[in-house]
Amino acid sequence: MDLDFDSTAEEFRGEVRAFLRANVPPAPLPSMDTRAGFEAHRAWERTLAEARLSVVAWPAEFGGRDASLLEWVLFEEEYYAAGAPGRVSQNGIFLLAPTLFEHGTPEQLARILPRMARADDIWAQAWSEPEAGSDLAGIRSTARRTNGGWILDGQKTWSSRAAYADWAFGLFRSDPEAVSDAAEAGPSVVTQAAASGPDRPRRARHRGLTYVMFPLTADGVTVRPIPQLDGEPGFAELFLDSVFVPDRDVIGEPNNGWQVAMATSSNERGLSLRSPGRFTATARKLIELWRESTDATDSAARNAAVDAWIGAEAYRLNTWGTVTRLAEGGKLGAESSVNKVFWSDLDIAMHETALDLLGVNAERIGPWTDGYLFSLAGPIYAGTNEIQRNIVAERLLGLPR
């Protein structure tokens, strides 16, 4: 891991910094969980796209600039340091796009990615179901084969961005018989839940799934927003009643959707969704808050602030190690679960420290309070931390199930 960046990387950092200094809105945009705020954030994404900064690591033909992974991390550091708006496109550009690059067809890349880069299409993540949250393989929504495509039926819930998004992506059970067939084949087939490598057996429930994209405006799709504590719909329930999806909107091979989904989940838990810039920027703000609000002799407050800074810096350095490994041809695997547990716990710890420093002022609604409420969801979304610890224990440490 070499942190001495070359002149090309530093020039790129300087360009990004100058652009953000000139273009980041002087006042925060309205919440993206409102219709007006959603469209304001879409407009910001288009501002980024015009400068080819919305998806810097993508190939130029899809709206990027062929930046290296190292340059992408530098971009993220500058983005968060500048206090730029949240990315309303994140489900698409950080989760679906890497999946398409790995499993999509050339036609899908050409059709979907340029529109995603320009925020013409905003994507919702439609994975969880009422009885299948962290247990992704327990889904009951179905995809039934028909002439030229598939018929989708079922319900998805806690679909992020779905209240105002244009498209969604998710898993559907396309071959229920595969579950019973695999079970009858014996215990060699049904061991090791969530195994995704080609040399590892998959449990029966992970068979017969298909990864599908579908427009939220399609006939048969009903979107029911779910209000959060603040009354704003950051999520929605999706009801699908005989929704037709053409073959071209299936990612990967039909009935092999679990392998495709693992590409999405590795990015969600690992590198792309929670870049270190998010946490180093929060740590810097926390240190500023400590200096402004605390007696320097208060060792407990000082230690908590320093611990937060150390955690953010450790995550940053670990990410650079991951970047080095990926640049050398490696892939994200089960270690992404370690990442997920670390950054979600770190996020809560930093905001709890901030609220302690604020004292009675913490009861007033503000950025730290909002951030704290959001951080509490971290150990739940992208797969609960309890599930992630099981994955770490079984697949990294080799412990028994």
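This is a predicted model: local features need pLDDT of at least 70, side-chain atom pairs count only at pLDDT 80 or more; totals for chains, interfaces and linings use all residues.
**Helices α8 and α9**

Helix α8 covers residues 276-293 and helix α9 covers residues 299-327. The angle between the two is about 160°. Angles over 145 degrees count as roughly antiparallel, so α8 and α9 are roughly antiparallel to each other. Their crossing is left-handed. On the α8 side, the contact is formed by P276, F279, T280, A283, L286, I287 and W290. These meet A301, R302, A305, A308, W309, A312, Y315, R316 and T319 in α9. Sorted by class, this contact has 12 nonpolar, 2 polar and 2 charged residues.

**Helices α4 and α5**

Helix α4 (residues 90-103) and helix α5 (residues 106-117) cross at roughly 165°, and they are therefore roughly antiparallel to each other. The crossing of α4 and α5 is left-handed. From α4, the residues in contact are G92, I93, L96, A97, L100 and F101. From α5, they are Q108, L109, I112, L113 and M116. This contact of α4 with α5 divides into 9 nonpolar, 2 polar and no charged residues.

The table lists the axis values for each pair.

| Helix pair | Angle | Axis distance |
|---|---|---|
| α8 and α9 | about 160° | 9 Å |
| α4 and α5 | roughly 165° | within 11 Å |

**Serine S337**

S337 lies in helix α10, which spans residues 336-358. Is S337 buried or exposed? Its relative accessible area is 1%; buried means under 20%, so S337 is buried. The side chain of S337 also makes a polar contact of 2.7 Å with the side chain of Q388.

Key. Residues are numbered from 1 along each chain as its sequence is written. Side-chain values use heavy atoms; hydrogens and water are left out. Helices (H or I, at least four residues) and strands (E, at least two) are DSSP runs, numbered from the N terminus. Buried means under 20% relative accessible area, exposed over 50%, partly exposed in between (1.4 Å probe, protein chains only). A polar contact is a pair of N or O atoms within 3.5 Å; within protein, one must be able to donate a hydrogen and the other to accept it, and residues adjacent in sequence count only if both atoms are side-chain atoms. Axes are lines fitted to C-alpha atoms, for helices over the stretch in contact, and angles run from 0 to 180 degrees between N-to-C directions. Angles under 35 degrees count as roughly parallel, over 145 as roughly antiparallel, 65 to 115 as roughly perpendicular and the rest as oblique. A crossing is left-handed if the near helix is turned anticlockwise from the far one by less than a right angle, and right-handed if clockwise. Contact means heavy atoms within 4.5 Å. Ala, Val, Leu, Ile, Met, Phe, Trp, Tyr, Cys and Pro count as nonpolar, Asp, Glu, Lys and Arg as charged, and the others, Gly among them, as polar.
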